[in-house]
Amino acid sequence: MAVEAVNNAGAAHTISVLVADKPGVLVRVATVFARRGFNIDSLAVSPAHQKGLSRMTVVTHGKEEGVTQIVKQLDKLIDVVHVYDYAEMDVVSREMAIVKVRTPSDKRSAVMEVANIFRAKSVDIGKGSVVFEITGSSSKLDAFESMMDEFGIIEMMRTGKLILRRGETPT
Amino acid sequence: MIGADLVIRALEKEGVEYIFGYPGGANLPLFDSLVGSKLKLVLVRHEQGAVHMADGYARASGKPGVVLVTSGPGATNTVTGLLTANMDSSPVIVLCGQTLTVNLGKDAFQEADVFNITIPVVKHSYLVSNPNDIPRVMREAFHICRTGRPGPVLVDLPKDVTSKAFESVPDDTMDIPGYHVPEGVDRKGVEKLAALLKTSRRPLLYVGQGAIISGAHREVLALAEKLHAPVTTTLLGKGAFPETHPLAVGMLGMHGTAYANYSVVNCDLIFSIGARWDDRITGKLSEFCLDAVKLHIDIDPAEIGKLIRPNASVVGDAKLVLKELLPMVSKLKTEEWLSTIEGWKKQYPLKYDQPLDGELTMQYVLDRLYHLTKGQAIVSTDVGQHQMWAAQFYLTSKPRQWLSSGGAGTMGFGFPAAIGAQLARPGELVVAVVGDGGYQMTFCELSTAALLKLPLKILVLNNRYLGMVRQWQELFFEDTLSGVDLEGNPDFVKHAESYGIRGLKLEKAADVDAVLKEALAYNKGPIVIEALTERHANVFPMIPAGAAVRDMIVEPTRRKMAKPEGST
């Protein structure tokens, strides 16, 4: 997003934020990241199962101390009910993408072959292009993107990472 | 009954006495509902003044101060006041009129997206779009602004919302599942504090405004006396511990006493009680108290480890935590440490030179003010040199006696905050100590003070300079003065008189006592004392911005210094 990243160094962090579904909550959350110079790499928001609450998954990257402070500042927001910076192993994580790939007739079967390996579904086929739907881990989507780039990606859209904590305990 | 009545009713229910306000098109229903209510309207002359008044009221009383302004420019004029209150954890509620909900986002007349403009400077905010939400929002606003770490809450009220007719009062049940005030005390954490304290031979209690907000002054005193530990207070912590106490070392930080800062450099343990390791305190963070054990009590978890990683910390209300801690601690072997500090006090006292026939110094005026008021006045300062000298020479002994814009450093705060303080504590002596720069930013409120006939003393220390900026230009920018000469100042006595306010001019050191006594005895309304002071004095001691505490300059110097790095 349009935030100057000054905390580029450091690992990726996946922060799950359960928020009250109130006006302005997205701005408040984004402001915390922006003010400390953190880039939001991806952001997914949807209603949570509980009435009146929404769940956000924010992927950012930065140094441990900086992210810890951001989590505390998020927790301080009145509309934030719960926030946690999850390690990859503790969560199931999925992302979806739709990718429009250039497919001249001589390349089509090669493209379809790659798509099959990734278990991507073709959801629209035109004369010179195919739109694929693919779901999986973010790294699988990265790999798919880089493979399809060989043929030529016209455009794509990713949902951003979604996570839920493993096991019975709520995220 | 309309929406506006619900707002006013909620304020009455909260026991609000005063509302600091300014009318306009969008808040007409609210001003109409005020008539006949229990609330007393304080009509200000500028909305910034209204927020500072509410803030001064809040700091002096501990109760929320309430502001009512109109939409657009009325609302945006509160931003500086909100920042000031937010930085200093002051419970202020700002109610803004707003254009009709159907016009929002359409550039309607006097429309400003004040909800989004103010997000970074409030504890919380509301744009009320459903009239039924009014009672709930008002209740939540008060609850949020005064609990936990207090702070300002803004409520934006569209005119159709405040005009909506009601037959009965909607439910006011709070719905803030994400808001938790730390409750109880983490006993394990307190035990860790006690254990680390036990081995200290050179402890230092570092007390901030959190102790005042929590009402922990008695516990701080008990702890210091039980441990035999010296106490330093921050600019906003003044009043949390009597500065006349033998264990007091006064204010620390950029312009703190030399002995407080030497104590910081040499202590083996520093214990923050409601203080947040601000850059004006720590100087260069990477060199701050490297070898000392650091303890921290704060009600705001986001302050723990933000700048300094403590060896032990407890999140909670300072008073409750100290009550738990007190029985766990006993006297420390601090005799040698206290005598070292005593030596610093003798060797590096705060001092100034006031020749009796020479030009008047601000320090002398403030020193005399302190003695003539026996240190009992409620002092509200503005920002700059006079503020630092007031902090150095006006020793405090009680909580909520010292009001000053610390975090934001807002010029224009002192005088209106003093109006709020005087309203909060009508029987007491309130003195606004202001410089000629900041005073002019909000001195239109003289009308407000005059109308209310407040027996407020306004001491204008006039050196015809923006003295603190001039000081930095002299020290760090090779004496190149730029934009700091306030030529064109009015005659502040005549200015006051034009409002029907009495004014006294003070020019000679020999007259200081007589003039101050006259002002202190005057009770018919506000009085302005304009002290024309010498122009070139600089505030010392000084830790240059971004430098380590040990780089403190104790005595006035003309030596050229490196420009600040790593700090403003």
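Tutor: Start with B:Ser71, in the loop between strand S3 (65–69) and helix H4 (73–76) of chain B. This is a predicted model. B:Ser71 has 2% relative accessibility, so it counts as buried. Its contacts beyond four places in sequence are B:Ala26, B:Gly97, B:Gln98, B:Thr99 and B:Gln110.

Now take B:Lys159. It sits in helix H8 of chain B, which covers residues 159–163. Its relative accessibility is 28%, so B:Lys159 is partly exposed. The cut-offs matter here: buried is under 20%, exposed is over 50%, and partly exposed lies in between. Setting aside residues up to four places away, B:Lys159 touches B:Gly25, B:Ala26, B:Leu28, B:Pro29, B:Gln98, B:Thr99 and B:Leu100. B:Ala26, B:Gln98 and B:Thr99 are on that list, and B:Ser71 is in contact with these three as well. One partner of B:Lys159 shows how the chain folds back. B:Gly25 is 134 residues away from B:Lys159 in sequence, yet the two C-alpha atoms are 8.6 Å apart.

Next, the domains. Chain B is assigned domain 1 (3–163), domain 2 (187–347) and domain 3 (362–540). The centres of domain 1 and domain 3 of chain B, taken over C-alpha atoms, are 29 Å apart. Domain 1 of chain B puts 24 residues into their contact, and domain 3 of chain B puts in 26 residues. Chain A is assigned domain 1 (12–86) and domain 2 (92–163). The C-alpha centres of these two domains of chain A also lie 29 Å apart. Here the contact involves 8 residues of domain 1 of chain A and 5 residues of domain 2 of chain A.

The structure has 4 cavities of 30 Å³ or more. The largest cavity holds about 80 Å³. Its lining is B:Arg59, B:Gln209, B:Ile212, B:Leu236, B:Lys238, B:Arg400, B:Trp402, B:Leu403 and B:Ser404. Sorted by class, that lining has 4 nonpolar, 2 polar and 3 charged residues. Two elements of chain B, helix H10 (209–214) and strand S14 (402–403), each provide at least two of the lining residues. Where does the largest cavity lie? Domain 2 (187–347) and domain 3 (362–540) of chain B both contribute to its lining, so the largest cavity lies between them.

Then there is an open site. The second largest pocket has a volume of about 430 Å³. It is lined by 24 residues, and those closest to its centre are B:Lys351, B:Tyr352, B:Asp353, B:Gln363 and B:Pro556. Helix H17 (residues 385–393) of chain B gives the largest share of this lining, 3 residues. By class, the lining of the second largest pocket has 14 nonpolar, 5 polar and 5 charged residues.

Last, the aromatic rings. Over all chains there are 18 aromatic pairs. Take B:Trp277 and B:Phe288. Their ring centres are 6.0 Å apart and their planes stand at 75 degrees, so this pair is edge-to-face. B:Trp277 is in the loop between strand S10 (269–273) and helix H13 (279–282) of chain B, and B:Phe288 is in the loop between H13 and strand S11 (293–298), so the pair ties together parts that are 11 residues apart in sequence. B:Trp277 and B:Phe288 are both buried.

Another edge-to-face pair is B:Phe415 with B:Tyr439, at 5.8 Å centre to centre and 70 degrees between the planes. This pair links distant parts of the chain, 24 residues apart: B:Phe415 is in helix H18 (residues 414–424) of chain B, and B:Tyr439 is in helix H19 (residues 436–442) of chain B. B:Phe415 has a relative accessible area of 0%, so it is buried. B:Tyr439 is at 1% relative accessibility, so it counts as buried. Ring pairs also join B:Tyr262, B:Trp337, B:Trp344 and B:Tyr348 into a cluster.

Methods. Residues are numbered from 1 along each chain as its sequence is written. Chains are lettered from A and ligands numbered from 1 in the order in which they are written. This is a predicted model: local features need pLDDT of at least 70, side-chain atom pairs count only at pLDDT 80 or more; totals for chains, interfaces and linings use all residues. Side-chain values use heavy atoms; hydrogens and water are left out. On a 1 Å grid over the protein atoms alone, a cavity is a set of points where a 1.4 Å probe fits but cannot get out, and a pocket is an open set with protein on both sides within 12 Å along at least five of seven lines; lining residues have an atom within 4 Å of a point. Grid points are joined across faces, edges and corners, and a volume is the space filled by probe spheres set on the points. Helices (H or I, at least four residues) and strands (E, at least two) are DSSP runs, numbered from the N terminus. Ala, Val, Leu, Ile, Met, Phe, Trp, Tyr, Cys and Pro count as nonpolar, Asp, Glu, Lys and Arg as charged, and the others, Gly among them, as polar. Domain bounds come from an automatic or database domain assignment. Buried means under 20% relative accessible area, exposed over 50%, partly exposed in between (1.4 Å probe, protein chains only). Contact means heavy atoms within 4.5 Å. Rings of Phe, Tyr and Trp (its six-membered ring) pair if their centres lie within 6.5 Å; planes under 30 degrees apart count as stacked, over 60 as edge-to-face and the rest as tilted.
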